[in-house]
Amino acid sequence: MRNPRHEGTRTVRRAERLRREIEEHNYRYYVLDDPAISDAEYDALFRELQELERAQPELAAADSPTQRVGAAPAAAFAEVAHPMPMLSLENAFDEEDLRAFDRRVSERLGHENVTYAAELKLDGLAVSIVYRQGQLERAATRGDGSSGEDVTANIRTIRSVPLRLRSHQAPAILEVRGEVIIRRADFAGLNRTQAEAGRKTFANPRNAAAGSLRQLDARITAGRPLSFLAYGLGAGSEAAPGRSQSQLPAWLRKLGMPVTPLAERVSGADGCIDYYRRIGSRRAQLPFDIDGVVFKVDSFSEQEQLGSVTRAPRWAIATKYPPEEARTRVVAIEVQVGRTGALTPVARLEPVLVGGVTVTNATLHNESEVLRKDVRAGDTVNVRRAGDVIPEITGVVGELRVPGAPAFVMPVTCPECGSPVERTAGEAVARCGGGLHCPAQAIQSILHFAGRRAMDIDKLGDKLVEQLFERGLVRNVADLYSLGAGTLAELDRMGPKSAQNILAALERSKQSRLERFLFALGIRDVGEATAAALAAHFGSLDRVQNATVEQLLEVPDVGPVVAGRVHEFMRDRRNREIIGRLIAAGIRWPVPANGVGPGALDGKIFVLTGTLSGMSRDAARALLEARGARVSGSVSGRTDYVVAGLNPGTKLERAHALGVTVLDKQKLLELLR
C-alpha cells in the first residue's frame with residue numbers, strides 16, 4: 001500500500017532536485033557558455049517541474065526557475081534609492097582624449113604606465129540588482145544616479161539573472177550592477193515577430209531592451225528576449241576578493257552572474273588605444289551592440305586614491321565609437337519572396353559606409369512598416385546597421401523629399417511566379433500563394449524537403465541544390481527523383497562516386513512515413529507535430545488531400561488557420577501535380593493496420609524522456625495524442641508507458657523503480673502501428 005507521506009516527501013525531493021538541475025543548466029548556458037544538454041532536454045526538465053508545482057502549489061518557492069512568468073501589471077514604478085550612487089562616466093571621443101585621461105591619472109597617482117581594466121561598453125539599460133542573504137531582493141534602473149525605478153518583477157523574468165546566488169561566500173547584502181540588453185539575433189527575431197503581428201517594430205536593440213524592461217505588465221517583459229551582463233558592484237563591494245577590477249569578473253561568475261566578455265588588463269595610453277582599435281575592428285561581429293569601451297584604473301586602492309568628482313569617478317572613462325548610422329538616398333523599393341512565400345519590401349540604396357561596411361540594401365519588413373515610416377523611392381533616409389542584422393532605415397529626411405514621389409504599393413501578384421498575393425486577416429505579412437511551384441521558394445523548399453526530419457536525403461546540401469537550380473536541372477522537389485548519375489557527376493565538386501551516393505540517398509528516402517512526407521511538403525504552419533497528427537488521424541495521403549476544412553478541424557490541435565492552410569495547399573492543382581509525381585517516383589510508407597487510429601490508446605498515460613532519433617518529442621506527443629493517449633511530464637504509479645530515448649535521465653530510473661513498462665522508439669512505433 002502506497003504511503004502518501006512517503007510519496008509527498010519524494011515529490012518535494014524531486015522538485016528540489018529539478019530546481020538544482022535547472023539552475024545548474026542556466027549557469028552553464030548563460031555564464032559558462034557551455035550547455036550540457038539540448039534545448040529539448042532542458043524544456044522537458046522545466047515542464048516536469050512546472051507540473052509538480054502545479055499539482056502542489058506549496059512547492060513553488062519564490063526562487064524557483066518557473067517563477068519567471070511575470071507578475072500582474074503595476075499601476076506605476078516605485079522610486080528606489082540606490083545604496084551607493086550610480087555615477088556617470090566621463091566620455092572620450094577620440095584617441096587624443098584617451099591620452100589626456102591617462103596623463104591626468106598618471107599625474108595624480110605619481111607614476112606612469114598605469115594598469116587599466118578594459119571592458120566593453122554595452123549599449124543597453126543600466127540596472128542595479130540587490131541580493132540579501134543570496135536571494136534576489138530588489139532591482140532598479142539607474143535613473144538619475146541617486147534613485148531609479150523599481151523593476152524587480154521585470155528583472156525576475158530574465159533567465160540569465162540568477163534568482164539565488166550560487167556561492168555561500170557572497171556577503172549578506174550585495175549590489176550587482178550591469179546592463180540589460182537584447183542580443184542582435186534575438187532583436188532580429190523580435191522585430192520579425194512584431195512586424196508579422198502588425199505591431200510597431202523597434203528602431204534598435206537598446207530601445208527594445210529599455211522599452212521591454214520598463215513595461216508595467218511584467219508578463220510582457222517575460223515574452224521579450226532580454227539578457228543581463230554584470231560589470232561591477234555597488235553595496236557590498238568590499239567583500240569582493242582580490243585587489244583589482246580585473247579580478248572581479250571571475251568572482252561574479254562564481255556567484256552565477258554572466259559577465260561582459262572580452263575584458264582585458266592593459267597598460268598605459270598605448271595599451272588603451274590598442275584595445276580600442278582591436279574591439280572597434282570586431283564591433284560588427286559582436287553578438288550585441290556596444291557604443292564604446294570603458295577603461296578603469298585596475299587597482300582598487302588607486303581608484304580610492306583618485307576619488308570622484310560630483311557625478312563621475314576620476315579613475316574611469318568611456319571611449320565612444322562613431323555612430324553606426326549614415327544618410328543616403330533610396331534608389332528603388334523592390335519586393336523579395338522568401339521560402340514561406342512572405343513578400344518583403346527591400347530598399348535599394350545609393351552605396352553608403354555604415355559602421356565600416358558599405359550598405360546598398362535595407363529591409364522594410366512589410367507593407368505596413370513602409371507606410372508607417374512613409375519611405376518612398378527617391379527619399380533621403382537615415383540608415384542604421386548592427387552587426388550581421390540586415391541594415392534598417394530608421395527615418396526619412398522629410399524636408400529633402402522629391403515633390404510628387406509616389407507612395408509604395410504592395411503588388412497583388414507574386415513578382416516571381418504571378419500567383420495571387422494573399423494576406424490573412426490580422427497579419428501584416430503578404431504572401432505568395434504559389435506554394436511548391438513558386439521559383440523564389442524553390443531552393444529553400446527543396447532543402448526543407450531533403451532535411452533530416454523530413455525526407456532525410458543525405459548529402460543534398462545548400463551548394464548542391466543551388467547548382468541544380470541554377471542549371472535548370474531541378475525546379476521543384478519532384479525533379480529530384482528524375483536526376484541521373486551522368487548529370488550529377490558533371491556538377492562542380494562532384495564525380496561518379498558522389499553522384500551514386502546522392503542517387504542512393506534519394507532511393508532510400510522513398511521508404512518514408514506519411515507524417516514525414518506531409519512535413520516535407522512545407523505546408524505553411526504545418527510542423528512535425530501537426531504533420532504527425534494529420535497522418536495519425538487520416539491514415540492515408542488520399543484522405544488528407546480530399547479532407548474538407550470541417551474534417552481537418554477534427555484533428556487534435558488543428559485550428560481554423562491551419563485547417564485552411566492545409567485545405568488550400570491540397571486543393572491547388574499545381575501542388576497536387578507535384579505530389580502526384582512524387583508518388584509516381586516511388587515514395588511510399590507503411591499502411592496502418594486495421595483498427596489503429598484515433599482512440600486506439602484511449603486513456604493510456606505516456607511519459608517521454610531522452611532524445612528519440614529521427615523524431616522530435618512534439619511529433620511523438622502528437623502521434624500519441626491523436627490515438628487518444630495522454631502525455632505527462634512526470635512518472636507516477638498511474639503511468640502506463642515510459643518512452644525512453646538517448647540520455648533519458650531520472651524519469652527512466654523512476655519508471656524502473658515503479659515497474660512501469662519502458663519502450664524504445666522502435667517499440668513505440670510498433671505499438672502505434
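Predicted model: local features only at pLDDT ≥ 70, side-chain atom pairs only at ≥ 80, totals over all residues.
**Ala326**

I then placed Ala326 in strand 12, which runs over residues 325-337. I set aside neighbours within four places in sequence and listed the contacts of Ala326: Val352, Leu353, Val354, Val381, Asn382 and Val383. I also took one C-alpha separation. Ala326 and Thr394 are 68 residues apart along the chain, and their C-alpha atoms are separated by 10.0 Å.

**Helix 12 against helix 13**

Next I looked at how helix 12 (residues 439-450) packs with helix 13. The angle is about 145°, and the axes are 10 Å apart. I noted the crossing as right-handed. From helix 12, the contact uses Pro439, Ala442, Ile443, Ile446 and Leu447. Helix 13 meets them with Asp462, Val465, Glu466 and Phe469. I sorted the residues of this contact by type: seven are nonpolar, none polar and two charged.

**Helix 15**

I tested the length of helix 15 (residues 496-509). Its 14 residues, at 1.5 Å a residue, should span 20 Å. The end C-alpha atoms are 20 Å apart, so the two values agree.

Which residues of helix 15 are buried? I found Ala499, Ile502, Ala505, Leu506 and Ser509. They cover an arc of only 120° around the axis, so they lie on the same side of helix 15. I looked at the other side too, where Pro496, Lys497 and Arg508 are exposed. Last, I asked what covers the buried residues of helix 15. The cover includes helix 13 (462-470) and helix 14 (485-489).

Terms used
Residues numbered from 1 in each chain as written. Heavy atoms only, no water. Helix = DSSP H or I, 4+ residues; strand = E, 2+ residues; numbered from the N terminus. Expected span 1.5 Å × (residues − 1). Buried < 20%, exposed > 50% of the residue type's maximum accessible area, 1.4 Å probe, protein only. Arc of directions from axis to C-beta. Contact = heavy atoms within 4.5 Å. Axes fitted to C-alpha atoms, helices over the stretch in contact; angles between N-to-C directions. Left-handed = near helix turned anticlockwise from the far one by under 90°. Nonpolar A, V, L, I, M, F, W, Y, C, P; charged D, E, K, R; others polar.
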